[in-house]
Amino acid sequence: METISRRKFVTDSMKVVAATAMVAPLMNTEVYAAAGAFQFTQVALPYDYKALEPHIDAMTMEIHYTKHHAGYVKNVNAAIAAEKISYSTEKDFFANASKLSSKAKNNSGGAWNHNFFWQVMKPNGGGAPSGKIADAINGSFGSFEKFKEEFTKAAMTRFGSGWAWLVNDNGKLKIGSTPNQDNPMMDISELKGTPLLGIDVWEHAYYLKYQNKRNEYVAHWFNLVNWDEAAKRLG
Ligand code: MN
């Protein structure tokens, strides 16, 4: 009895091994990230594609989220696996951006920046901030109007593709911009700090509705600012 069941066990085990061997070549076509390595995920969009109209149109949102952003997330995770990048936190990942391949750097920025971008906007947002974020803005820029002026300038003077940011640099708020998908948490960035707000000024973010008129897109974008989120990130 014991012998039979042991034989059966061995036979069954061999079937499992055989089955595994059969599927293994297929599985090997995907490269898996090292255990414990940080990987990027795409946040669920906190509202639907048409929720930010008339400032950002539904088609732009859908393409931006499902094609551009999804692509960055897929590509950075592929790079993490293929290049065996093993940073365990997002913070370490960006602090070592200078050591990353172009693929890992550009797509990690693209993944993170868009997750952030969706969250710092909301339908019926905008207006002037209140509370501690208003105090911090007034303290750093003099007034809300001055802040808007400086932020708009950063967004308008970024040549080509990139982002404009409001960051908290150890209690001091700063405005600046980064090229491509760089962000202020990367060691290669001239602008340093914790992002509180950011605007994507790549043409894919506005071209369908605004064509070459980036100024109109930026002016409209202020109607979407999620000040509660910025305040939360200020801490
Ligand atoms: Mn974008």
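Which residues of helix H9 (residues 227-234) are buried? The legends below take up this question first and then turn to other parts of the predicted model.

**Figure 1. Buried residues of helix H9 in the predicted model.** The buried residues of helix H9 are Trp227, Glu229, Ala230, Ala231 and Leu234. Just after H9, Gly235 adopts a positive phi of about 80 degrees.

**Figure 2. The chain as a whole.** The chain contains 9 helices and 3 strands. Read from the N terminus, its elements follow the order α-α-α-α-α-α-β-β-β-α-α-α. Of its 235 residues, 42% count as buried.

**Figure 3. The manganese site.** Four residues coordinate the manganese ion at 2.0 to 2.1 Å: His64 through NE2, His114 through NE2, Asp200 through OD and His204 through NE2. Along the chain, these donors follow the spacing H-x49-H-x85-D-x3-H. His114 belongs to helix H4 (residues 102-119), whereas His204 is found in the loop between strand S3 (194-200) and helix H7 (207-210), so this pair ties together parts that lie 90 residues apart in sequence. His114 is buried, with a relative accessible area of 0%. His204 also counts as buried, because its relative accessibility of 19% falls under the 20% limit.

**Figure 4. The contact of helices H5 and H6.** The axes of H5 (residues 131-141) and H6 (residues 144-157) come within 8 Å and cross at roughly 70 degrees. The two helices are therefore roughly perpendicular to each other, since angles of 65 to 115 degrees are classed in this way. On the H5 side, the contact involves Ile137, Asn138 and Phe141; these meet Phe144, Lys146, Phe147 and Glu150 in H6. By type, the residues of this contact comprise 4 nonpolar, 1 polar and 2 charged.

**Figure 5. A cis peptide bond at Pro54.** The peptide bond from Glu53 to Pro54 is cis, with omega near 5 degrees. Pro54 lies in the loop between helix H1 (2-27) and helix H2 (58-82).

Figure 6. Most residues other than glycine have a negative phi. Lys84, which is not a glycine, has a positive phi near 55 degrees. This residue is placed in the loop between H2 and helix H3 (90-95). Lys84 is exposed, with a relative accessible area of 62%. Gln211, likewise a residue other than glycine, has a positive phi near 50 degrees. Its place is in the loop between H7 and helix H8 (214-221). Gln211 is partly exposed, with a relative accessible area of 30%.

**Figure 7. Confidence along the chain.** The average pLDDT of the chain is 90, and 87% of the residues score at least 70. Over residues 9-29, pLDDT stays under 50. For this stretch, the model has 1 contact beyond four places in sequence. Where pLDDT is low, the predicted coordinates should not be read in detail.

Methods. Residues numbered from 1 in each chain as written. Predicted model: local features only at pLDDT ≥ 70, side-chain atom pairs only at ≥ 80, totals over all residues. Heavy atoms only, no water. Axes fitted to C-alpha atoms, helices over the stretch in contact; angles between N-to-C directions. Helix = DSSP H or I, 4+ residues; strand = E, 2+ residues; numbered from the N terminus. Parallel < 35°, antiparallel > 145°, perpendicular 65-115°, else oblique. Contact = heavy atoms within 4.5 Å. Nonpolar A, V, L, I, M, F, W, Y, C, P; charged D, E, K, R; others polar. Donors = N, O, S within 2.8 Å, 3.2 Å for Na, K, Ca; no water. Buried < 20%, exposed > 50% of the residue type's maximum accessible area, 1.4 Å probe, protein only. pLDDT = per-residue confidence, 0-100.
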